[in-house]
Amino acid sequence: MQPFLDFYLHQLRTHAEQFPLCRSAFLVYDKDESLLPTLLDELQSAINLFNQYSSDHTLTPFSPYLKNANHLSEILNGKKLPSINELSSFDADSTEKILALFDKFQFIKNMQDPVQLAIAIVPAFYRTALLAMQPYLLEQHAQVASAMEEMFGILALEGKETKIFHAVKHWIVQHKEENFDPRFAEKIQPFLEKGTP
């Protein structure tokens with residue numbers, strides 16, 4: 001995970017003027033050095049779950065509710081999402097594309113809680129790096145971040161609540177704005193009501 005981690009931190013620090021709120025995320029990482037490795041482990045767990053799910057939709061009874069994961073699975077057509085380690089080599093052109101795509105996320109411009117921001121940008125950065133490296137996903141409107149959020153939701157429903165899930169669960173509940181299945185949002189709603197452990 002180190003190459004991805006190094007690239008992620010280096011690029012966001014180097015381009016901090018482009019993403020002013022992200023500066024506060026660096027302070028969070030600096031204060032808690034175990035946070036970022038934990039988040040990367042969580043993200044890899046979601047990637048692994050998606051790859052298993054993509055091969056076998058009977059893995060979860062919530063399969064009909066996972067509209068973004070199902071769509072991404074169709075686009076990938078049997079291919080697996082790359083692990084964090086596989087997204088570790090970026091040339092200047094790829095870096096420019098990553099930053100341009102990353103800039104389209106509204107939450108990096110208005111999410112005020114620095115801890116929530118520090119957590120939420122990790123899967124967002126993976127999604128952005130993936131779309132830059134595999135542009136056909138972008139062309140076919142793959143919702144990689146939303147598919148990952150559905151995987152974090154499934155993990156939570158299985159009793160494996162993660163930091164990333166608690167940072168993004170409100171988006172799933174806001175299903176109309178964020179394009180999640182309302183039935184899945186209903187399953188996630190109780191986690192929103194009980195708050196973050």
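The following questions and answers concern a predicted model of a single chain.

Visitor: How many helices and how many strands does the chain have?
Guide: Read along the sequence, the pattern is α-α-α-α-α-α-α-α-α-α-α-α. The count for the chain is therefore twelve helices and zero strands.

Visitor: What is the radius of gyration of the chain, and what does the globule rule give for 197 residues?
Guide: The C-alpha atoms fill a box of roughly 45 × 40 × 30 Å along the principal axes. The chain is as compact as a globular protein of that length, because its radius of gyration is close to the value of the globule rule. The radius of gyration is 16 Å, and the rule gives 16 Å.

Visitor: Of the contacts in the chain with a separation of 6 or more, what percentage is accounted for by residues 24 or more positions apart?
Guide: Contact here means heavy atoms within 4.5 Å. Among contacts with a separation of 6 or more, the share of residues 24 or more positions apart is 71%.

Visitor: How many residues of α10 are buried, and which are they?
Guide: Helix α10 spans residues 163-173. Nine of its eleven residues are buried, so α10 is largely enclosed by the rest of the structure. The buried residues are I164, F165, H166, A167, V168, K169, W171, I172 and V173.

Visitor: What covers the buried residues of α10?
Guide: The cover includes helices from several parts of the sequence, among them α3 (35-55) and α7 (114-133). Also included are α6, α9, α11 and α12.

Visitor: Which kind of aromatic pair do F165 and F191 form?
Guide: F165 lies in helix α10 and F191 in helix α12 (residues 182-194), and the pair links distant parts of the chain, 26 residues apart. The ring centres are 5.1 Å apart, with 85° between the planes. Because an angle over 60 degrees counts as edge-to-face, the pair formed by F165 and F191 is edge-to-face.

Visitor: Are F165 and F191 buried or exposed?
Guide: The cut-off for a buried residue is under 20% relative accessible area. F165 has a relative accessibility of 0%, and F191 has a relative accessible area of 9%. Therefore F165 is buried, and F191 is likewise buried.

Visitor: Which kind of aromatic pair do F62 and Y65 form?
Guide: The structure holds two aromatic pairs, one of which is formed by F62 and Y65. Both F62 and Y65 are buried. Their centres are 6.1 Å apart, and the angle of 45° between the planes makes the pair tilted.

Visitor: Where is H141 found, and is it buried or exposed?
Guide: H141 has a positive phi of about 60° although it is not a glycine. H141 is found in the loop between α8 (135-139) and α9 (144-157). With a relative accessible area of 57%, H141 is exposed.

Visitor: In which loop does N179 lie, and what is its relative accessible area?
Guide: Phi of N179 is near 65°, a positive value in a residue other than glycine. N179 lies in the loop between α11 (175-178) and α12. N179 is partly exposed, because its relative accessible area is 40%.

Visitor: With which residues is S73 in contact, leaving aside its neighbours within four places in sequence?
Guide: S73 is placed in helix α4 (residues 67-76). At 9% relative accessibility, S73 counts as buried. Leaving aside neighbours within four places in sequence, its contacts are F50, S54, H57 and G78.

Visitor: How far apart in space are K109 and P20, C-alpha to C-alpha?
Guide: K109 lies in helix α6 (residues 107-110) and counts as partly exposed, at 42% relative accessibility. Leaving aside neighbours within four places in sequence, K109 is in contact with L21 and D103. K109 and P20 are 89 residues apart in sequence, and their C-alpha distance in space is 7.6 Å.

Visitor: How far apart in space are Q44 and D113, C-alpha to C-alpha?
Guide: Q44 is found in helix α3 and counts as buried, at 14% relative accessibility. Q44 and D113 are 69 residues apart in sequence, and their C-alpha distance in space is 24 Å.

Note on methods. Residues numbered from 1 in each chain as written. Predicted model: local features only at pLDDT ≥ 70, side-chain atom pairs only at ≥ 80, totals over all residues. Heavy atoms only, no water. Helix = DSSP H or I, 4+ residues; strand = E, 2+ residues; numbered from the N terminus. Rg over C-alpha atoms; globule rule 2.2 N^0.38 Å. Buried < 20%, exposed > 50% of the residue type's maximum accessible area, 1.4 Å probe, protein only. Phe/Tyr/Trp six-rings, centres within 6.5 Å; stacked < 30°, edge-to-face > 60°.
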